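Hello,

Here is the structure I promised to pass on to you. Have a look at it first, and then read on for my notes.

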Amino acid sequence: MAILNKIEELADLLVKNNLLTAAQLVEIKKSSGYASNPEAAIAVSGLVDVEKLVETKAKIYNLNYRNLLGVKITDRVLNLIPPEVAENYKIICFEVAERKMRVGLVDPENFKAIEAIDFLAKEENLQPEYFLI
């Protein structure tokens with residue numbers, strides 16, 4: 001039930017921030033894909049820039065947002081998370097600074113991903129810092 005509340009909160013915030021009109025939201029909710037994947041239905045509508053959608057979602061989850069497009073990531077930092085783990089959990093380490101491991105994740109409700117990051121960061125004596133990407 002919490003996920004459904006987050007989706008409604010996201011939809012409301014998109015309207016509140018003038019990224020969608022209430023009428024546009026009603027139309028998106030009528031689409032066939034909305035019931036199974038509301039966030040994808042909003043993105044596919046083309047009415048909201050995908051980066052703005054993710055940035056808005058980050059606010060709901062009290063996470064920082066980071067657009068990694070064009071960001072250069074060193075191999076050493078990138079490989080702090082093994083490729084198979086990164087692929088499986090859709091996570092990426094994009095920066096290490098000030099004893100912090102800055103990690104981007106796609107799904108803020110994937111607690112197994114967060115658990116994996118916490119474990120890997122502890123092994124490197126780093127503090128994880130999460131960003132929605």
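Before the helix packing comes up, one definition: a helix axis here is a line fitted to the C-alpha atoms over the stretch in contact, and the angle between two axes runs from 0 to 180 degrees between N-to-C directions. Please also keep in mind that this is a predicted model.

First, the overall picture. The protein has 7 helices and 4 strands, and along the sequence they follow the pattern α-α-α-α-β-α-α-β-β-α-β. The C-alpha trace spans about 50 × 30 × 25 Å along its principal axes. Of the 133 residues, 33% count as buried. The accessible surface comes to about 8300 Å², and carbon and sulfur atoms account for 54% of that. If you take the contacts between residues at least 6 apart in sequence, 53% of them join residues at least 24 apart.

Now to the packing of α3 and α4. Helix α3 covers residues 38-45, and its axis lies 9 Å from that of α4, at an angle of about 150°. On the α3 side the contact is made by E39, I42 and A43, and on the α4 side by V50, L53 and K57. Sorted by class, this contact has 4 nonpolar residues, 2 charged ones and no polar ones.

K57 is the residue I would look at here. What does the side chain of K57 pair with? There is a polar contact of 2.8 Å between the side chains of K57 and E39. Setting aside neighbours within four places in sequence, K57 is in contact with L10, E39, V106, P108 and L132.

Beyond four places in sequence, A58 touches L63, N64, Y65 and L132. A58 and I81 are 23 residues apart along the chain, and their C-alpha atoms are separated by 22 Å. At the start of α4, a side-chain oxygen of D49 reaches to within 3.1 Å of the backbone nitrogen of E51. After the helix comes N62, with a positive phi near 55°.

Next, the nonpolar cores. The largest one holds 18 residues, and the members that touch the most others are I81, I91, C93, M101, V103, L105 and I117. At least two residues of this core come from each of α4, β2, β3 (100-105), α7 and β4. Which element gives the most to this core? That is α7, with 4 residues. Leaving out residues up to four places away in sequence, I117 touches I91, V103, L105, P128 and Y130. There is also a second, separate core of 15 residues, which includes A11, L13, I28 and Y34.

Q127 belongs to strand β4. Apart from residues up to four places away in sequence, Q127 touches R99, K100 and M101.

Finally, two backbone spots in loops. Most residues other than glycine have a negative phi. K90 has a positive phi near 55° and lies in the loop between α6 (83-89) and β2 (91-97). N125 has a positive phi near 60°, and its place is in the loop between α7 (111-123) and β4 (127-132). Are these two residues buried or exposed? K90 counts as exposed because its relative accessibility is 54%, and N125 counts as exposed because its relative accessibility is 58%; the cut-off for exposed is over 50%.

Best wishes, and happy browsing!

Notes
Residues are numbered from 1 along each chain as its sequence is written. This is a predicted model: local features need pLDDT of at least 70, side-chain atom pairs count only at pLDDT 80 or more; totals for chains, interfaces and linings use all residues. Side-chain values use heavy atoms; hydrogens and water are left out. Buried means under 20% relative accessible area, exposed over 50%, partly exposed in between (1.4 Å probe, protein chains only). A nonpolar core is a set of buried Ala, Val, Leu, Ile, Met, Phe, Trp, Tyr and Cys residues joined through side-chain atoms within 4.5 Å. Contact means heavy atoms within 4.5 Å. A polar contact is a pair of N or O atoms within 3.5 Å; within protein, one must be able to donate a hydrogen and the other to accept it, and residues adjacent in sequence count only if both atoms are side-chain atoms. Ala, Val, Leu, Ile, Met, Phe, Trp, Tyr, Cys and Pro count as nonpolar, Asp, Glu, Lys and Arg as charged, and the others, Gly among them, as polar. Accessible areas come from the Shrake-Rupley method with a 1.4 Å probe; for residues, only the protein chains shown count as cover.
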